[in-house]
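Q: I am new to this structure and would like to learn how to read it. Where should I begin?

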Amino acid sequence: MNWRGNLLRFCNVAGLPILEPFVRLAAGEDKREQFVGIAKFILLPIAAVCVFLGLWAAAASSVVTDSAKLPSPQATWAAGKQLIAMHYEQREADKTAKQEKLVEAVQLLAEANAYTAAASKATGEKKSKLEDKSLALKKRAVAAANFVPSSAPTFIDQIWTSVKTVFFGFFLATIVAVPIGVLCGMSPWFNAAMTPFIQIFKPVSPLAWLPLAFIVIMWYYAGYSSGETFFDKAFLISASTVCLCSLWPTLVNTTLGVASVDKDFINVADVLRLSWWQRLTKIILPASLPLMFAGMRISLGVGWMVLIAADMLAQNPGLGKFVWDEFQNGSDLTYARIAFSVLVIGLIGLLLDRIMIFFRNLVSFGNPSPV
């Protein structure tokens, strides 16, 4: 059956072996074998999660200090629902405030038009005063029409900020690491020159990179006022830190992928007398893509871990800053909200990893790997 093969291939490429037993059941394959797969990929993980929740609840009733206690799963869930509800309440309040400002802008514009009409019939100093009044009202109307709510970012806003930051930092890391990795893989001399830098800088902590990124970005932004630049300073500091920490796995894997291209492919390129560019684009890059994407997968995971610490220190309004602000707040809901943010951070990291597995499997030859 063609649909069966297509769905099984999708499960393999997308890294979703959990769906494979259901596809095989629908295709009429051995039920006993497929139920074993369902137990392995669904029932066993559910049981493990239930055990984890039970241990968490037991620990929450025991881990209590004078000033705080470990939040229970129920408290964490309630805090998460509250954070999401606060987001929608804030959006509704911002929408109402913007509508009120639009109504105010219409009223001011109507009043300004009335002064303009009166000025057209007046003369001398009175006309000048009426025109000045009309102009002032029009300026106020424009300001009211362009009103942007200045409310603090909500939890959902901070999630999107973190996701945008990590993808921007990952993009910067990729455009730096891939070309250097290709050159290292193609040229042993260039690889020898770059190896000391890779070995020295690869293990450096993000907490060490962040102050240096801070100095460079503050120097670059020295001549600009707030609002004159496309990127916020805190955003760039966090993204730069993510870039500096996450480029190394992509660089190393790209180098390995290019250097380990099958010699038969290189011999074919020699026989066909391909140019350097043709050799690169038609032989080397396609053959090294699986390892390259494997490195990108590691880089994105490293970048997501690094981002939380970078947000805390750079005060970029992302999840790291949310955790730090809640810790400093010290309210009754502080630790429940932090626990919920930990779960969200983990789930987003899982989703990012699945996305990179999907892209890696798309460019892999032979049987793609689900992990």
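A: Begin with a cut-off: a residue counts as buried when its relative accessible area is under 20%, and as exposed when that area is over 50%. Keep in mind that the model is predicted.

Q: Which residues of helix 12 are buried?
A: Helix 12 covers residues 319-329, and its buried residues are Leu319, Gly320, Lys321, Phe322, Val323 and Glu326.

Q: What covers the buried residues of helix 12?
A: Here cover is read from contact, that is, heavy atoms within 4.5 Å. The cover of the buried residues of helix 12 includes helix 4 (73-121), helix 6 (155-186), helix 11 (276-314) and helix 13 (334-362).

Q: What comes just after helix 12?
A: Gly330 does, and this residue has a positive phi of about 75 degrees.

Q: How should I read a residue that falls between the two cut-offs?
A: Such a residue is called partly exposed. Leu7, in helix 1 (residues 2-13), is a case, because its relative accessible area is 38%. For a sense of distance, Leu7 and Ser162 are 155 residues apart along the chain, and 33 Å separates their C-alpha atoms.

Q: How many helices and strands does the protein chain have?
A: The protein chain has 13 helices and zero strands. Read from the N terminus, the order of elements is α-α-α-α-α-α-α-α-α-α-α-α-α. The radius of gyration is 29 Å, well over the 21 Å that the globule rule gives for 371 residues, so the protein chain is more spread out than a compact globule. Along the principal axes, the C-alpha trace spans about 90 × 65 × 50 Å.

Q: How do I read contacts along the sequence?
A: Take contacts between residues at least 6 apart in sequence; in the protein chain, 67% of these join residues at least 24 apart.

Q: Which residues does UniProt list for "transmembrane region"?
A: The unreviewed UniProt entry lists residues 41-64, 167-192, 204-222, 234-256, 283-314 and 334-352. Residues 283-314 are 100% helix and 0% strand in the model, with end C-alpha atoms 43 Å apart. Residues 334-352 are also 100% helix and 0% strand, and their end C-alpha atoms lie 27 Å apart.

Methods:
Residues are numbered from 1 along each chain as its sequence is written. This is a predicted model: local features need pLDDT of at least 70, side-chain atom pairs count only at pLDDT 80 or more; totals for chains, interfaces and linings use all residues. Side-chain values use heavy atoms; hydrogens and water are left out. UniProt positions are given in the numbering used here, feature names are shortened, and annotations may be inferred rather than shown by experiment. Helices (H or I, at least four residues) and strands (E, at least two) are DSSP runs, numbered from the N terminus. The radius of gyration is taken over C-alpha atoms; the globule rule is 2.2 Å times the number of residues to the power 0.38. Buried means under 20% relative accessible area, exposed over 50%, partly exposed in between (1.4 Å probe, protein chains only).
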